[in-house]
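Let's take a friendly tour of this structure, with a few local backbone features and the packing around them.

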Amino acid sequence: MLTRSFMTPETNKDLLAYTPMFHARMFSEGAKYRTEHFEPVRGTLASPPDSYHTSQMQDSDWYLDGHKKLDRPLFVQFCANNPDELLAAAKIVQPFCDAVDLNLGCPQGIARKGNYGAFLQEDWDTIYKLINILHKELDIPVTAKIRILDSREKTLQYAKTVLSAGASILTVHGRQRDQKGHNTGVADWSMLRFLRDNLPPDTVMFANGNILQHDDIAQCMKETGVDGVMSAEGNLYDPSIFGKPPPMGQEGREYWRGRDGEGGYRMDAALRRYMDIIHRYVLDQEPPQRKPLFLPSDPVEEPEVTEKEQDEDNREDGPPPKKKQKRKEDRAKGQREKCTSPNLTVMQPHLFHMLRPLVSKHTHVRDALGRVRAGDIDEFERILSLVEEATKEGLLEYEKNGEASFQTDQEKAKQEEGRDPESLATLARCKRPWFICQPYIRPLPKEALAKGALMLSKKEKARLEREKEEAEKSGVAPEGRVEEHKEVSNGEAKVADIPKEGLVCG
Ligand SMILES: Cc1cc2nc3c(=O)[nH]c(=O)nc-3n(C[C@H](O)[C@H](O)[C@H](O)COP(=O)(O)O)c2cc1C
């Protein structure tokens, strides 16, 4: 809904949302698992034969997921390795979505253990059965998301298998299974172009990977010839990614434009929209009255007494302030009643994505966000005030010092340290002040290797040595990716170590 909020009613029709990936067996067998992940109705989502007849449902019967006015089109995504389990899960969700997607791209350790996602990609027989049963038994289409394999021909055969089983849309993530974490690297759009040119022309294909900002969407469609583009991280960092920026001179208070004409949505604006959606749709209450967002051109106001100053004043005069007391009580209550609403439990990880550059600079905001408990809306409102204050500070500094206020020379040097020219060009292209929503530019694998965040396995080291020797003999420089590696964890990765998120595709 946040992503949609940055689009016009017209362009909204082009936006398709996916749920996070649900585990098919757990979803079909566990009412609790369903309630904690997918809420098209209030309360427990029943499984067939107690099917829902959505045409007979009253407006008040609908809740949020797959809501006919708020959350369509929606694809529900599952991982599975057993066709019957997948079908059972798909039948539960089919009244509330437009298609069921099979995730064959998940590369995580948990998918390896559970034998699903990208770890099925060698087992085309099972893949065929999983897709085909949905194709035959569901009333809505089945779609699939795959990763590329190590050769064009194999990937083409794989894609053909998925389509022959009955997948109506093929989403291709242009990276191989081992391209994850510090080894993520750049997605291979040329492979997508090859698939587009060699699959039947009526194949509906979506591309995934390398979408950092709005302009990349059109570029990807042009280079690959696909029908749609999926964005995950780009959208998490900048929820306005699918929206067209406002025309020059019509920025309003939410959109910021620098002196070079480049701009983006302010983080305080995006966070207000986020909070308002939570108040209105999740908590069924009106959001608090909010003052217009600050603009440096606004008349100067008398400084307000901040909550902290108020607390300190009160402390001198007597008992602790009521508000603080209430917050403590709410927190204690939160500890007793664990919040399980899927809309509320994802707030903290979502905001760590969206506010990444701001919280890196203003560590008191990062610490406050790190401490907040799921469902503690007052505390999230307090974080919003901190973000508004920080944004105001950033805007005023930009007025005074222009581009120089983005980053100190020291911060810039730190960000650019060990980066190669390709990354530096991307950093320059996507550069925005820290209070503007913007993509996170991951270091390339070779940069991660140089920094020691990624280590080669013995086998890989030997292979590279061999390649180097051969290259020295032949005079041709070795190309290639890091095939096997060990991740070296660092504190930073933990902050951004996010659980499942919803994804969107436009
Ligand atoms: C936090 C997070 C959660 C993800 N969850 C899913 C998921 O549930 N299903 C899925 O197909 N892909 C998931 N992905 C992978 C993305 O769909 C996508 O394939 C990958 O991030 C590359 O695309 P991007 O460059 O647009 O992020 C997730 C990625 C991230 C960063």
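Where is the place of proline 73? Proline 73 sits in the loop between H4 and S2. The model you are looking at is predicted, so local features are given at pLDDT of at least 70 and side-chain atom pairs at pLDDT 80 or more, while totals for chains, interfaces and linings use all residues. Residue numbers start from 1 along each chain as its sequence is written. Helices (H or I, at least four residues) and strands (E, at least two) are DSSP runs numbered from the N terminus.

**Backbone features**

As background, most residues other than glycine have a negative phi, and most peptide bonds are trans.

| Cis peptide bond | Omega |
|---|---|
| Proline 48 to proline 49 | about 15° |
| Arginine 72 to proline 73 | near -5° |

Proline 49 is found in the loop between helix H4 (31-37) and strand S2 (74-79).

Positive phi values turn up as well. Asparagine 210, not a glycine, has a phi of about 75° and lies in the loop between strand S6 (204-208) and helix H10 (214-224). Asparagine 210 is buried, having 20 other C-beta atoms within 10 Å. Aspartate 284 has a positive phi near 55° and belongs to the loop between helix H12 (267-282) and helix H13 (307-317). With 7 C-beta neighbours inside 10 Å, aspartate 284 is exposed. Here C-beta atoms are placed from the backbone, and a residue is buried with 20 or more others within 10 Å of its own, exposed with 12 or fewer, and partly exposed in between.

**Helix packing**

The axes of helix H8 (residues 152-164) and helix H9 (residues 189-198) come within 10 Å and cross at roughly 55°. That makes H8 oblique to H9, since angles under 35 degrees count as roughly parallel, over 145 as roughly antiparallel, 65 to 115 as roughly perpendicular and the rest as oblique. Arg152, Thr155, Leu156 and Ala159 of H8 make the contact with Met191, Phe194, Leu195 and Asn198 of H9; contact means C-beta atoms, placed from the backbone, within 7 Å.

**Nonpolar cores**

A nonpolar core is a set of buried Ala, Val, Leu, Ile, Met, Phe, Trp, Tyr and Cys residues joined through C-beta atoms within 7 Å. The largest has 59 residues, and Val162 is one of those touching the most other members. Beyond its neighbours within four places in sequence, valine 162 is in contact with Ile127, Ile131, Ala144, Ile146, Ala167 and Leu170. Another core lies apart, with 28 residues including Ile278 and Phe406.

Key: Axes fitted to C-alpha atoms, helices over the stretch in contact; angles between N-to-C directions. Contact = placed C-beta atoms within 7 Å.
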